[in-house]
Amino acid sequence: MTDKCDRAKADRRGFLKLAGASAVAGGVALVSGKSPAEAGTAADKPGCLYKETDHVKTYYDLARF
């Protein structure tokens, strides 16, 4: 019985160490000042987001739009 308890305590300690290290790493990432990744430039071009292709037209015909 004591082996299970000792292993459970060790697992909890390992988890808490990992959680603490993750929190520190996250804090460092926030403080580092680097800007987050940005989306591609396709959204900057007008009319580039939606294209009315043949299968879209077929859907509109079947849905009676």
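**Notes on the model**

1. Let's begin with the overall layout. The protein has two helices and zero strands. Please keep in mind that this is a predicted model, and that the values below are computed from it.

2. Next, the surface. Of the protein's 65 residues, 2% count as buried. The protein exposes about 6,400 Å², and 61% of that area is supplied by carbon and sulfur atoms.

3. Now look at helix α2, which covers residues 54-63. This helix is hardly covered: among its 10 residues, the count of buried residues is one.

4. How many aromatic pairs does a search of the whole structure find? The search finds one. The partners are Y59 and Y60, with ring centres 6.1 Å apart and ring planes at 55°. Planes under 30 degrees apart would count as stacked and those over 60 as edge-to-face, so the Y59 and Y60 pair is classed as tilted.

5. Is Y60 buried, exposed or partly exposed? The relative accessibility of Y60 is 27%. Buried means under 20% and exposed means over 50%, so Y60 counts as partly exposed.

6. Another tyrosine to find is Y50, in the loop between α1 (2-31) and α2. Y50 has a relative accessible area of 47%, so this residue is partly exposed too.

7. Which residues does Y50 contact, leaving aside its neighbours within four places in sequence? They are V56 and Y60. With Y60 there is also a polar contact, made between the side chain of Y50 and the side chain of Y60, at 2.7 Å.

Technical notes: Residues numbered from 1 in each chain as written. Predicted model: local features only at pLDDT ≥ 70, side-chain atom pairs only at ≥ 80, totals over all residues. Heavy atoms only, no water. Buried < 20%, exposed > 50% of the residue type's maximum accessible area, 1.4 Å probe, protein only. Helix = DSSP H or I, 4+ residues; strand = E, 2+ residues; numbered from the N terminus. Areas by Shrake-Rupley, 256 points an atom, 1.4 Å probe, with all protein chains shown as cover. Phe/Tyr/Trp six-rings, centres within 6.5 Å; stacked < 30°, edge-to-face > 60°. Contact = heavy atoms within 4.5 Å. Polar contact = N/O pair within 3.5 Å; in protein donor to acceptor, adjacent residues only side chain to side chain.
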